[in-house]
Amino acid sequence: MSAQKPSLPQGTRDFGPAVVARRNYIFGIIRRVFEKFGYAPLETPTLENLSVLTGKYGEEGDQLLFKVLNSGNFLKKQKGDVIKEEVTPDDLLAGPKKVLPKIAEKGLRYDLTVPFARYVVMNRGTLTFPFKRYQIQPVWRADRPQRGRYREFYQCDADVVGTDSLLCEAEIVLMMSEVLNALGLTDYTIKINHRKILSGLYEALRAEGKEADLFVAIDKLDKIGPNGVSEELSAKGYSNDMIKRLFSFLSVKGNFHDKLTELEKMYKDSIGELRDDSGIWFEIVEGQQYAKSGFIRALENARGFDEIKKVYNYLQAFDFTQFDNLEFDPTLARGLSYYTGCIFEIKINNVNMGSVSGGGRYDNLTGAFGLPGVSGVGFSFGVDRLYDCLEELNLFPSDAATTTRCLVANFDVEGERAMLPVLRQLREAGVASELYPEAGKLGRQFKYADAKGIPFVLLQGSEERAQGRFKLKTMSTGQEQTLTLEEVLAVVQA
RNA sequence: GUAGAUAUAGCUCAGCUGGUUAGAGCGUCGGAUUGUGAUUCCGAAGGUCGUGGGUUCGAGCCCCAUUAUUUACCCCA
């Protein structure tokens, strides 16, 4: 057998001990906050049936799903003597769309929200609503990897389904800021917007065509600037008049409250304008006629403003203090197609990294699985991006990577035997400890401790053993003390 | 899917218009030091120069192809 060069699939990574320890540090903080807010853990399978996943993330998302080839001979099926072709020449001619469902019926999960919705529907009889769950598992996307983007990455989701209450939205903001604070991140922005406000913009422009084109374009405002957005919208068929109108809406300035109220006023003014789309015309004021369908849509969209305000009021009632980190951003769009209400995103400032968290309310995700009328809201941390941010900002605590706290040096055969009970007592005291597994040069053993970041080394050579004492070296300072075992435990446990 | 960049030791990278035997730092291993790491000193191992073709008297360097990695677009955590 010839040796092959080992390699990893594109966009995947190994995680060595130090990295895992630091990821666990992040997981720990997130899990603690989620549990503190009353969310219970859930895990779902890596594989889902493709029928569960497809159509939930938009066209783009479907393409990014990893599909898993059916087991066995996926081209033919044999029953008794009858061999049935699964994939016919006609299918092949018709292309991948026709062939794919016949050869792949499973896929890797793309996020945690859709599997959660599936779980809720399948277990509706046994769940107590509102149902709050958190979920920390990897997800897969067949994307081209680049900075902060991997094909396999961890998401930490917290979602609640079965209630419309905007308290949940407010608590999401609280959880977001609490996690970021605990991680030592200070310069961040939690952006909030509402799908209905976005739809309202679309309505106010009297635009036609795909809403999503508009959302995707304005979402890029801070990246490609007004000119870029104009160009993109022109290309999608938006008139100069509409674009001009859009920017007058988006020009709102000031703090959270100012921006929101100003935009709301502009929007409500525009509702009162005559509209020319099809529908039943009816009279509203002073003999003017309005298209009823558009008017009703517009009124419905206006609720977006009320909801954001309520979330804000909840936060004030909570004595939330970090309003400086909270921004109402009417350009925030988010691509996932299932959002219907408030939407969130977190940007870590002064780090070249996409959003580290995103989420929102989805009114009818369970409807796709036959359970309509169950509203849900949730969000997700991208741990891999958080990790990259913490690393770039040097915010990992120095002991986050350490597992062993005390290395017991190994002098010789008798020494090794004498240290075994000591090792046991260290461990019983809850001190992560290891005995260097072979007698040998102390230099090597200290190097080992240094390389692993072990803070203490415990030694007992013949001299110390004669006095019934130990020598404890603190690696960071190089200081050594001669101590009894009790004293050693006290120092090491501190 | 589209476009660019890169590929030389375990890692990070030098390598002159194309010219003898391809270098450094870090790491690893050995020694100075058989009771002391990070710091000091000495030494050693480690390379089909991504792969396959081509040009040339001669290719790490030039050309073509290919694979991988990476950045950006699209989209997203």
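Close-up 1. At 37% relative accessibility, Arg303 counts as partly exposed, a class that lies between buried, under 20% relative accessible area, and exposed, over 50% (1.4 Å probe, protein chains only). The model is predicted, so that local features need pLDDT of at least 70 and side-chain atom pairs count only at pLDDT 80 or more, while totals for chains, interfaces and linings use all residues. Residues are numbered from 1 along each chain as its sequence is written, chains are lettered from A and ligands numbered from 1 in the order in which they are written, and side-chain values use heavy atoms, with hydrogens and water left out. The side chain of Arg303 meets that of Glu307 in a salt bridge (3.4 Å, N to O), the term standing for a side-chain nitrogen of Lys or Arg within 4 Å of a carboxyl oxygen of Asp or Glu. Because Arg303 and Glu307 are four residues apart in helix α13, about one helical turn separates them; helices (H or I, at least four residues) and strands (E, at least two) are DSSP runs, numbered from the N terminus. Glu307 is buried, with a relative accessible area of 15%. A further salt bridge joins the side chains of Lys196 and Glu300 (3.6 Å, N to O). This pair links distant parts of the chain, with Lys196 in helix α8 (residues 195–204) and Glu300 in helix α13, 104 residues apart. Lys196 counts as buried at 13% relative accessibility, whereas Glu300, at 33%, counts as partly exposed. Lys196, Glu300, Arg303 and Glu307 are linked in a network of salt bridges.

**Close-up 2. The salt bridge between Arg23 and Asp384.** The side chains of Arg23 and Asp384 meet in a salt bridge, with an N to O distance of 3.2 Å. Distant parts of the chain are linked by this pair, since Arg23 belongs to helix α1 (residues 17–36) and Asp384 to helix α14 (residues 383–392), 361 residues apart. Both Arg23 and Asp384 are buried. By the salt-bridge rule the count comes to 29.

**Close-up 3. The crossing of helices α7 and α13.** The axes of helix α7 (residues 167–182) and α13 come within 8 Å and cross at roughly 60°. That angle makes α7 oblique to α13, where angles under 35 degrees count as roughly parallel, over 145 as roughly antiparallel, 65 to 115 as roughly perpendicular and the rest as oblique.

**Close-up 4. A nonpolar surface patch.** Leu167, Tyr314 and Phe318 form a nonpolar patch on the surface, with about 240 Å² of accessible area together. Patches are made of residues with over 30% relative accessible area and no salt bridge, like charges being joined within 9 Å and nonpolar side chains (Val, Leu, Ile, Met, Phe, Trp, Tyr) within 5 Å. Phe318 is placed in the loop between α13 (292–317) and β12 (326–328), and at 37% relative accessibility Phe318 counts as partly exposed.

**Close-up 5. Backbone features in loops.** A cis peptide bond, with omega about -5°, joins Phe129 and Pro130, and Pro130 has its place in the loop between α6 (113–122) and β7 (131–140). Asn350, in the loop between β13 (342–348) and β14 (357–362), has a phi near 60°, a positive value in a residue other than glycine. Asn350 is exposed, with a relative accessible area of 68%.

Technical notes. Accessible areas come from the Shrake-Rupley method with a 1.4 Å probe; for residues, only the protein chains shown count as cover. Axes are lines fitted to C-alpha atoms, for helices over the stretch in contact, and angles run from 0 to 180 degrees between N-to-C directions.
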